[in-house]
Amino acid sequence: MLWISLAIASLVVVALAVWDQRFRKMAEPALSVLVAVGLISAFVVWWTDDNARPPESLSPVTADQPVATIAESQVRLENLQFEKSTPASSYVVTGTVHNDSTAFLDYFTLDVTLDDCPSGACRTIGRDDALIIARIPPGHSAPLRTSLIFPAPRSGPPEAPQWTTAIVKIQSSPAGP
């Protein structure tokens, strides 16, 4: 209701400034006061609303609810393919994620290292990681698609790219009742 009142008052001040020559001198200070009152009230509403609610935990765990954990070995990646994308130093990764655990896989971080290995001598181009939102039930699979960006090598694109992947930072939740 306060916002509507401030908007109407602002319109009245602007209308009076257009129609009355003497009121134009007072219009700028009047509008400045209305804007200041609006900003102060917005800050007060933001401050009290933010402090009124207790912070919610992201995943409430009760004493009777077991903590679900998934080991890196229980998440498998299959048929990973790395395709060049734009810009030149980025790649699209596709494949399949398998959840071999008894818990619900929420998300994990895929850590990828790109090496260039022409004629057997490897040099590291770069490393990137991607947060993969999986949401895979126990014993199921889902498609994987993400993008990775590596530094552009001065010598040009990799001649014989070699990929090293690792699954880190797995987040899971109990499979259900």
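**Strand pairs, a disulfide and ring pairs**

Student: What is the bridge partner of Val-75 in β2?

Tutor: Asn-99 is the partner. The model is predicted, so local features need pLDDT of at least 70 and side-chain atom pairs count only at pLDDT 80 or more, while totals for chains, interfaces and linings use all residues. Residues are numbered from 1 along each chain as its sequence is written, and side-chain values use heavy atoms, with hydrogens and water left out.

Student: What makes β1 and β2 a strand pair?

Tutor: Strands are DSSP runs of E with at least two residues, numbered from the N terminus. Two of them pair if DSSP finds at least two bridges between them. β1 (residues 75–84) and β2 share 8 bridges, in the antiparallel sense. The pair therefore meets the rule. The two strands form a hairpin, with 5 residues between them.

Student: How many bridges join β2 to β5?

Tutor: 9 bridges, with the strands antiparallel. β5 covers residues 141–149. Tyr-91 faces Leu-148 of β5.

Student: Why is β2 called largely enclosed?

Tutor: Buried means under 20% relative accessible area, exposed means over 50%, and partly exposed lies in between (1.4 Å probe, protein chains only). In β2 (residues 90–99), 9 of the 10 residues are buried, so the rest of the structure largely encloses the strand.

Student: Why are β4 and β6 called edge strands?

Tutor: The open sheet has 3 strands in the order β4-β3-β6, paired antiparallel. β4 (123–136) and β6 (161–173) each have a single partner strand, so one side of each lacks a neighbour in the sheet. β3 (residues 104–116) and β6 are joined by 11 bridges. Within that pair, Thr-109 stands opposite Val-168.

Student: How do you know that Cys-117 and Cys-122 form a disulfide?

Tutor: The cut-off is two cysteine sulfur atoms within 2.5 Å. Here the sulfur atoms are 1.9 Å apart, so the pair qualifies. A search of the whole structure finds 1 disulfide. The link is right-handed, with 115° about the S-S bond.

Student: Is Cys-117 buried or exposed?

Tutor: Buried, because its relative accessibility is 13%. Cys-122 has 45%, so it counts as partly exposed.

Student: What makes the phi of Asn-79 worth a remark?

Tutor: Most residues other than glycine have a negative phi. The phi of Asn-79 is positive, near 55°. Asn-79 lies in β1 and is exposed at 57%. Lys-169 also has a positive phi, near 50°. This lysine lies in β6 and is exposed at 61%.

Student: Why is the pair of Tyr-91 and Trp-163 given its particular ring geometry?

Tutor: Rings of Phe, Tyr and Trp (its six-membered ring) pair if their centres lie within 6.5 Å; planes under 30 degrees apart are stacked, over 60 edge-to-face, and the rest tilted. Tyr-91 and Trp-163 have centres 4.9 Å apart and planes at 75°, so the pair is edge-to-face. Tyr-91 is in β2 and Trp-163 in β6, so the pair ties together parts 72 residues apart in sequence. Tyr-91 is buried at 7%, whereas Trp-163 is partly exposed at 22%.

Student: Why does the pair of Phe-150 and Trp-163 get its class?

Tutor: The centres are 5.7 Å apart and the planes at 55°, so the pair is tilted. Phe-150 sits in the loop between β5 and β6, 13 residues from Trp-163. With 3% relative accessible area, Phe-150 is buried.

Student: Which residues form one aromatic cluster?

Tutor: Phe-82, Tyr-91, Phe-150 and Trp-163. The whole structure has 4 aromatic pairs.

Terms used. Helices (H or I, at least four residues) and strands (E, at least two) are DSSP runs, numbered from the N terminus.
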